[in-house]
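Subject: Structure handover

Hi,

Here is the structure I said I'd pass on.

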Amino acid sequence: MSERIPEEVVDQIRLNTDIVDVISEYVQLKKQGRNYFGLCPFHGENSPSFSVSPEKQIFHCFGCGAGGNVFTFLMDHNGMSFQEAVASLGEKSDVPFQFTSEEIEPSHANLNERSQLEGISLLEKLFHHLLMNTEEGHDALEYLLNRGFNESQLNQYKVGWALPGWETAAKLLEKKGFDLSLMEDAGLLIKRDDGSYFDRFKNRVMFPIEDSKGRTVGFSGRIISPEKNEPKYLNSPETPLFQKNSLLFNFHRARGAIRKEKFAVLFEGFADVIAASETVSNAVATMGTSLTKQHIQQIKRLTDTVVICYDGDHAGTEAAYKSSRELASNGMTVKVAKLPSGEDPDDYIQKFGAEKFRTDIIQQPLSLMAFKMWYLRSGKSLQSEDGRLSYINAVLPEISELSSAVEKELYLKQLSDDTGVSFSSLEEQMKSYSPVQKQIQVIPESVQPQKKSSILKAYQRAERYLLAYMMTGNETAYSVRDLMADMSFHSDDYQAIYTYLLAYVEEGGSLEPGAFIEYLPDRHLRSAASELTMLELNAEVTKAELADYINELNKHKQLILIKQKEAELKQAEQMNDIKTATALGMEIFQLWKALKGQHR
């Protein structure tokens with residue numbers, strides 16, 4: 001679809017969409033005052049500086065400057081075109097319209113990506129059909145059912161089967177008219193030396209991997225009949241679409257449950273997520289990689305609390321300890337659901353059922369400190385003096401870092417019981433760690449926008465408020481225009497916004513912040529305008545207040561002129577040009593006199 005979406009349809013969809021509801025699908029928002037705040041999805045941060053105004057239906061980040069309305073949020077966050085964003089929201093609204101997001105013509109830059117996604121989706125459907133409905137997939141289906149998965153789970157997660165042949169996928173993609181070189185770039189095919197292509201995945205159970213938008217971007221294939229030198233799991237290679245360091249399996253499905261439960265369950269593998277899905281809907285897993293900052297930021301936008309549930313073997317324990325420290329260092333509350341030794345979530349669920357797994361494992365986690373004490377005690381003999389001292393020296397620094405006096409006392413008592421060393425001795429020994437603790441003062445995070453450190457000058461403040469008031473209504477916009485006359489804004493960005501704003505009004509646009517921001521042609525100006533709309537303004541502005549702002553701009557303009565004249569005077573004096581210097585001196589005197597007269 002190439003024709004333009006009617007403006008009245010765009011306006012109706014925008015007015016029928018709550019920006020808070022839309023952004024809450026991607027960001028954990030907390031209400032403070034009239035606005036909502038959260039961690040910005042456009043840059044990594046630990047203190048929330050991302051603000052959403054339900055009254056004005058706009059967002060703005062005081063950290064990186066991102067800003068706009070509900071359409072521009074989807075454009076910037078999901079990489080959509082304007083038409084795609086409008087269509088996506090239109091499908092969720094009650095506004096009648098004649099197009100769908102599938103009919104929107106993608107931008108040229110997105111054509112290759114769309115083709116790759118369509119190729120991946122085609123193979124996802126093929127693999128799933130082969131597993132669930134064909135004789136060729138029977139053995140693989142039996143294998144999965146015997147592993148404890150049921151057909152409902154296999155359908156929900158679109159699990160499939162890749163045939164043993166070398167060119168099943170390649171021939172289908174070619175038959176459907178796909179560019180095979182693009183399918184190679186998407187990680188579906190491999191190119192031979194003679195230029196032909198063969199399948200990357202064959203003879204494997206196929207698990208589709210979806211990104212945070214719910215798009216299938218790759219696969220993980222599990223072999224069921226191990227062959228020599230064959231890896232147990234084969235993942236799609238790294239591509240622009242499939243990047244393991246930022247992908248969390250099941251994230252888009254779990255988003256709502258995480259927000260509802262107020263915590264996320266972090267598994268080690270996607271098979272655990274599927275196995276637990278009937279009773280644990282707020283679970284995600286990494287794609288065979290260590291937990292990264294990108295993973296943590298995604299989770300943190302939904303919740304501040306994570307329950308780690310990794311395998312009960314040595315490798316799983318080590319990974320849980322490492323992940324717990326990463327999460328805690330990023331300001332997360334961490335708990336650890338501990339499995340019996342040697343078991344993984346999948347095994348436990350097969351033995352005892354998904355409901356018992358939820359009630360006895362997920363809902364009974366250890367606190368982070370309790371887990372650390374268990375971990376640091378492992379492998380040490382508390383029957384020996386060396387073992388007890390080693391345990392004490394490992395645990396005391398951890399206890400000293402706790403902020404709660406009650407927690408410190410609780411865990412010191414436990415340490416005393418574990419080692420037989422008196423509470424008072426342990427408490428005295430812990431003091432040796434306190435100086436280090438006090439040097440690093442942790443300031444509790446609050447839901448506050450990050451404010452710019454520089455103090456605005458009077459003319460800068462005047463420019464900001466003039467534009468902000470102009471964006472509140474057409475009548476005020478015309479009033480400011482008349483007062484400005486031939487004056488201009490000192491800031492190039494503000495002058496550009498002023499020019500676009502007047503043009504927008506002249507074209508008959510209604511001055512609502514969300515509508516005007518959409519009119520601006522680039523992200524930079526939208527960001528500047530959204531910041532202005534976040535200013536606290538009076539319900540009504542008087543002509544006297546507007547005149548005061550105009551006077552500040554005029555004063556600044558005169559001060560610039562005086563500085564220019566003073567520079568010319570200095571140059572004339574250096575050249576011994578007495579006549580010019582005298583004339584400039586008189587002119588400067590008159591300018592200062594006029595300036596003081598205007599601002600008494």
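This is a predicted model: local features need pLDDT of at least 70, side-chain atom pairs count only at pLDDT 80 or more; totals for chains, interfaces and linings use all residues.

Residues are numbered from 1 along each chain as its sequence is written, and side-chain values use heavy atoms, with hydrogens and water left out.

**Annotated regions**

UniProt, in an unreviewed entry, puts a feature called "zinc finger region: CHC2-type" at residues 40–64. UniProt positions are in the numbering used here, feature names are shortened, and annotations may be inferred rather than shown by experiment.

In the model, residues 40–64 are 0% helix and 32% strand, and the end C-alpha atoms of that span lie 8 Å apart. Residues 262–344 come out at 37% helix and 20% strand, with 24 Å between the end C-alpha atoms. Helices (H or I, at least four residues) and strands (E, at least two) are DSSP runs, numbered from the N terminus.

**Helix packing**

Two packed helices are described by the angle between their axes and the distance between the axes. Axes here are lines fitted to C-alpha atoms, for helices over the stretch in contact, and angles run from 0 to 180 degrees between N-to-C directions. Angles under 35 degrees count as roughly parallel, over 145 as roughly antiparallel, 65 to 115 as roughly perpendicular and the rest as oblique.

Start with helix H16 (residues 368–377) and helix H17 (residues 385–400): they pack at about 160°, axes 9 Å apart. Because of that angle, H16 is roughly antiparallel to H17. H16 passes H17 in a right-handed crossing (left-handed if the near helix is turned anticlockwise from the far one by less than a right angle, right-handed if clockwise). On the H16 side the contact (heavy atoms within 4.5 Å) uses Met369, Lys372, Met373, Leu376 and Arg377, and on the H17 side Tyr391, Ala394, Val395, Glu398 and Ile399. Sorted by class, that is 7 nonpolar, no polar and 3 charged residues. For the classes, Ala, Val, Leu, Ile, Met, Phe, Trp, Tyr, Cys and Pro count as nonpolar, Asp, Glu, Lys and Arg as charged, and the others, Gly among them, as polar.

H17 has another partner in helix H19 (residues 423–430): their axes come within 10 Å and cross at roughly 70°. H17 and H19 are therefore roughly perpendicular to each other, and their crossing is right-handed. Ile392, Leu396, Ile399 and Ser400 in H17 meet Leu426, Gln429 and Met430 in H19. By class this contact has 5 nonpolar, 2 polar and no charged residues.

Further along, the axes of helix H23 (residues 492–506) and helix H25 (residues 523–533) come within 10 Å and cross at roughly 85°, so H23 is roughly perpendicular to H25. Asp493, Tyr494, Ala496, Ile497 and Tyr500 of H23 touch His524, Leu525, Ala528, Ala529 and Leu532 of H25. The class count for H23 with H25 is 8 nonpolar, 1 polar and 1 charged.

**What's inside**

Helix H4 (residues 82–90) is largely enclosed by the rest of the structure, because 8 of its 9 residues are buried (buried means under 20% relative accessible area, exposed over 50%, partly exposed in between; 1.4 Å probe, protein chains only). The cover over the buried residues of H4 includes helices H1 (7–15), H2 (19–23), H3 (70–78) and H5 (111–133).

Val306, in strand E15 (residues 305–309), is buried as well, at a relative accessible area of 0%. Beyond its neighbours within four places in sequence, Val306 contacts Ala264, Leu266, Ile299, Leu327, Met332, Thr333, Val334 and Lys335.

**Loop residues**

Most residues other than glycine have a negative phi. Gln57 is not a glycine, yet has a positive phi of about 60°; you'll find it in the loop between strands E3 (50–53) and E4 (58–61). Lys158, likewise not a glycine, has a positive phi of about 55° and sits in the loop between helix H7 (151–156) and strand E6 (160–162). Gln57 is partly exposed at 21% relative accessibility, and Lys158 is partly exposed at 30%.
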